[in-house]
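Subject: Structure handover and notes

Hello,

I am passing on the structure we spoke about, together with some notes on what was found in it. Please read them with the model open beside you.

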Amino acid sequence: MSEVPVLLETTLRVALVIVSALCVCCSYRVIRGPTDPDRVVALDAIATNVVAIAVLFAIQTGRGLFITVSLVLAIIGFIATVAVAKFVIDGEVIE
Amino acid sequence: MRTTARAVVPIIFVVSASLFVEGHNLPGGGFIAGVLTTTAFAVLYLAFGLDFLERGVLGRDVEPGKEPSRDRIVTAYRRLFTIGLVIAVTSGLVPLLFDLPFLTQSYVELEGVPIYDHVELASALAFDLGVYCVVVGGLLTILSVVGAE
């Protein structure tokens with residue numbers, strides 16, 4: 001797929017800008033967040049946003065390798081979230 | 001948590017294997033496949049605890065209070081690290097026997113293989129296997145030793 005329709009192209013550009021702005025907003029919460037769980041949730045949201053950017057970029061350029069990038073990022077982000085959740089509940093990550 | 005781990009770990013292993021195999025002409029390869037395999041083991045450690053691999057999978061007896069770096073599974077990780085380093089260096093040295101520069105790579109294309117029909121077998125796969133073993137061994141040693149602190 002080399003030819004992207006004009007409407008899809010515009011939507012993709014707008015969506016990329018919005019998701020990037022969301023990343024900036026989340027980084028404010030990472031820096032200023034009053035408590036540690038705030039920072040963790042913000043970092044997790046940033047990871048999800050980066051996955052979204054990778055997928056949008058894959059649609060825009062039509063190259064499948066960005067799907068692989070998003071897949072790997074999603075797996076690692078999931079495990080990071082699980083580890084932090086276990087740390088918050090149990091106080092230790094690995095028993 | 002354990003139910004999720006049972007569903008997620010095989011998926012991660014499959015993704016890691018596919019990244020490892022397609023590494024010679026697409027992004028991917030030994031390093032990221034090794035990292036993904038390590039994350040699968042990390043999920044296992046998170047869900048089932050540090051002794052699960054030895055007690056539950058391998059059926060060995062583990063003393064709970066034992067020094068973690070002397071466990072046999074950590075020794076196995078270290079051996080995997082060493083083996084990977086040896087494989088990588090050897091795959092780099094082999095072209096020197098044929099008067100080619102260090103780390104020269106080539107590939108053969110196999111036709112008529114069952115199921116796949118057309119398979120490219122690259123010699124870079126040996127180097128990738130070495131990198132894979134080094135990454136898995138090193139990261140799992142760090143994970144199990146530091147995780148036991």
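Two residues are said to touch, or to be in contact, when they have heavy atoms within 4.5 Å. By that rule Leu16(A) touches Ile53(A), Leu56(A), Phe57(A) and Gln60(A), where residues up to four places away in sequence are not counted.

Before going further, please keep in mind that this is a predicted model, in which local features need pLDDT of at least 70 and side-chain atom pairs count only at pLDDT 80 or more, while totals for chains, interfaces and linings use all residues. Residues are numbered from 1 along each chain as its sequence is written, chains are lettered from A and ligands numbered from 1 in the order in which they are written, and side-chain values use heavy atoms, with hydrogens and water left out.

Chain A

Leu16(A) belongs to helix H1 of chain A, where helices (H or I, at least four residues) and strands (E, at least two) are DSSP runs numbered from the N terminus. Leu16(A) counts as buried because its relative accessible area is 15%; buried means under 20%, exposed over 50%, and partly exposed in between, with a 1.4 Å probe and protein chains only. Leu16(A) and Arg29(A) are 13 residues apart along the chain, and their C-alpha atoms are separated by 20 Å. A second pair that includes Arg29(A) is Val55(A) and Arg29(A), which are 26 residues apart in sequence and 24 Å apart in space, C-alpha to C-alpha. Val55(A) lies in helix H2 (residues 36-61) of chain A, and it counts as partly exposed because its relative accessibility is 31%.

Over all chains there are two salt bridges, each being a side-chain nitrogen of Lys or Arg within 4 Å of a carboxyl oxygen of Asp or Glu. One of them joins the side chains of Glu9(A) and Arg13(A) at 3.1 Å, N to O, and these residues both lie in helix H1 (residues 6-32) of chain A, four residues apart, which is about one turn of the helix. In another, the side chains of Asp36(A) and Arg39(A) meet at 3.3 Å, N to O. Because Asp36(A) and Arg39(A) are three residues apart in helix H2 of chain A, about one helical turn separates them. With a relative accessible area of 56%, Asp36(A) is exposed, whereas Arg39(A), at 28%, is partly exposed.

Chain B

Chain B has five helices and two strands, which follow the pattern α-α-α-α-β-β-α when read along the sequence. Of the 149 residues in chain B, 37% are buried. Among contacts in chain B between residues at least 6 apart in sequence, 57% join residues at least 24 apart.

Thr37(B) is placed in helix H2 of chain B and is buried, with a relative accessible area of 4%. Its side chain reaches the backbone oxygen of Ala33(B) at 2.8 Å, and Thr37(B) also touches Phe13(B), Ser16(B), Tyr132(B) and Val136(B), again not counting residues up to four places away in sequence.

Val89(B), by contrast, is found in helix H4 (residues 72-97) of chain B and counts as partly exposed because its relative accessibility is 44%.

Where the chains meet

The size of an interface is often given as the accessible area lost when the parts come together. Chain B and chain A bury about 1300 Å² between them, 85% of it on carbon and sulfur atoms, where buried area is the accessible area (1.4 Å probe) that two parts lose on being put together, summed over both. On the side of chain B that touches chain A, the elements that give two or more residues are helix H1 (2-21), helix H2 (30-48) and helix H5 (124-147) of chain B. H2(B) gives the most to that side, with seven residues. In total, the contact takes 19 residues from chain B and 14 residues from chain A. The count of salt bridges between chain B and chain A is zero.

With best regards

Key
A polar contact is a pair of N or O atoms within 3.5 Å; within protein, one must be able to donate a hydrogen and the other to accept it, and residues adjacent in sequence count only if both atoms are side-chain atoms.
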